[in-house]
Structure formats: structure tokens, C-alpha cells
Amino acid sequence: MIGGLLFTFWRLMEIVTLIPTLGMLAYFVDRYQKSNLLTPNDILVLFIVSVLGAAWAILTVLRRKSTRDSAMFVSFIDLCFVGAFIAGVYELRRIANADCTNFAADTRFSVTINNEGINSDAPSLRLNTNKECAMRKASFAFGIMNCIFFAITSFLLLFMHRTRKDDREVAVKETYRRRSHDSR
């Protein structure tokens, strides 16, 4: 029972992290498609893996009973997704060291004294964010998270399969055939 709850929790975490990844990477795929350009491999690999992973996660949550019955197969597919997400993150690895945001400070400071009082202009900070860089970096982080989440669910399913095999009860139906010795 607790294994099923843990499995459902981690599957929902996968879905929650895959949906924003799909949205951000779909933005790039759409942008390249509208420009009539090929989508770069680093975006495309993680996008395809995210689409397939989201579909798999939703399917296995909705069909939890059959997932439990075929835990070894689902665990194997989850391990395949771990490898696929590692490949997607590896392709997107160049974004890891990118600086997507910076602060710009206005260093002017002035004080004005007049009849109305004292007015001062304090330095201001501006946050400059490169939207595309930030979305790629967020997709990279979500990809790493999904590697971990799919590994967790794979090991949970292995545990569920092992305990499920021990919990099976064997029911034996005994039947007796009554023979009559009637003569014809």
C-alpha cells in the first residue's frame, strides 16, 4: 500500500516537472519551425524525451492496477527513460555555465536641498534576463530532476514487484466426482 502511494507521488512529481519542460521546449521548436529552420539537436532530443516521458507517466498513473501487475516491465521502461533523459541533458550541457541574468546598477546618487525639503535619488538595480537562455537552463534543470524521479520510480517498482510476488496467495479448488455404480 505504501509503495503504491509513493509510486503515485513520484509519478505526479514527474508529470509536474515534465509539463513546464514541454511548454518551454515547444516554444523553441515552434520558433524554429516558423523560421523554416531545423531545430537544434540539444533542444529536440530533450523535447522528444519529455513528450514520451509525460505520456508514459500519465498512462501509468491512470492505469495503476496494470502497472502494479507488470511492475518489472514498467521498471525497465523507467530505466530506459533515465537513460534517455541523461542523453537529453548531455545534449543540452553547454547551457549549464551560461549566465542568463545580470544586475545593472545605476550608481548615481544625488541629494537636492530646496524650500520643500530634501530630495534624494538612490541608486537603482535593474534585473536583465535573457528569456531564451533562462528557459533552456530551466529545461536542463528539469531534465536532471526527471532523471532522478524516473530512477526512483523504477526502484520503487522493483520493490513492489518483489513484495507482490511474496504476497500472492494460491487458491486451490478441490472438486470431488461422485461415481455411481448404477447398472443399466
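## A walk from the surface to the rings

Let's start on the outside: Met72, Phe155 and Leu158 make up a nonpolar surface patch with about 280 Å² of accessible area together. A patch takes residues with over 30% relative accessible area and no salt bridge, joining nonpolar side chains (Val, Leu, Ile, Met, Phe, Trp, Tyr) within 5 Å and like charges within 9 Å. A salt bridge here is a side-chain nitrogen of Lys or Arg within 4 Å of a carboxyl oxygen of Asp or Glu, and the areas come from the Shrake-Rupley method with a 1.4 Å probe, where only the protein chains shown count as cover for residues.

Keep in mind that this is a predicted model, where local features need pLDDT of at least 70, side-chain atom pairs count only at pLDDT 80 or more, and totals for chains, interfaces and linings use all residues. Residues are numbered from 1 along each chain as its sequence is written, and side-chain values use heavy atoms, leaving out hydrogens and water.

(Exposed is over 50% relative accessible area, buried is under 20%, and partly exposed is in between; helices are DSSP runs of H or I with at least four residues, numbered from the N terminus.)

Now go to helix 1 (residues 2–34). Its 33 residues reach 48 Å from first C-alpha to last, close to the 48 Å expected, where the expected span is 1.5 Å times one less than the number of residues. Just after helix 1 comes Asn36, with a positive phi of about 60°. Most residues other than glycine have a negative phi. Asn36 is not a glycine, yet its phi is positive. You'll find Asn36 in the loop between helix 1 and helix 2 (41–62), exposed at 70% relative accessible area.

What about the rings? Rings of Phe, Tyr and Trp (its six-membered ring) pair if their centres lie within 6.5 Å; planes under 30 degrees apart are stacked, over 60 edge-to-face, and the rest tilted. That rule gives 6 aromatic pairs. One of them is Tyr27 with Phe28, edge-to-face at 5.4 Å centre to centre and 70° between the planes. Tyr27 is partly exposed at 30%, while Phe28 is buried at 1%. The rings of Phe85 and Phe150 have centres 5.6 Å apart and planes at 25°, so this pair is stacked. Phe85 belongs to helix 4 (residues 71–91) and Phe150 to helix 5, so the pair ties together parts 65 residues apart in sequence. Phe85 is buried at 0%, and Phe150 is buried at 0%.

Note on methods
Helices (H or I, at least four residues) and strands (E, at least two) are DSSP runs, numbered from the N terminus. Buried means under 20% relative accessible area, exposed over 50%, partly exposed in between (1.4 Å probe, protein chains only).
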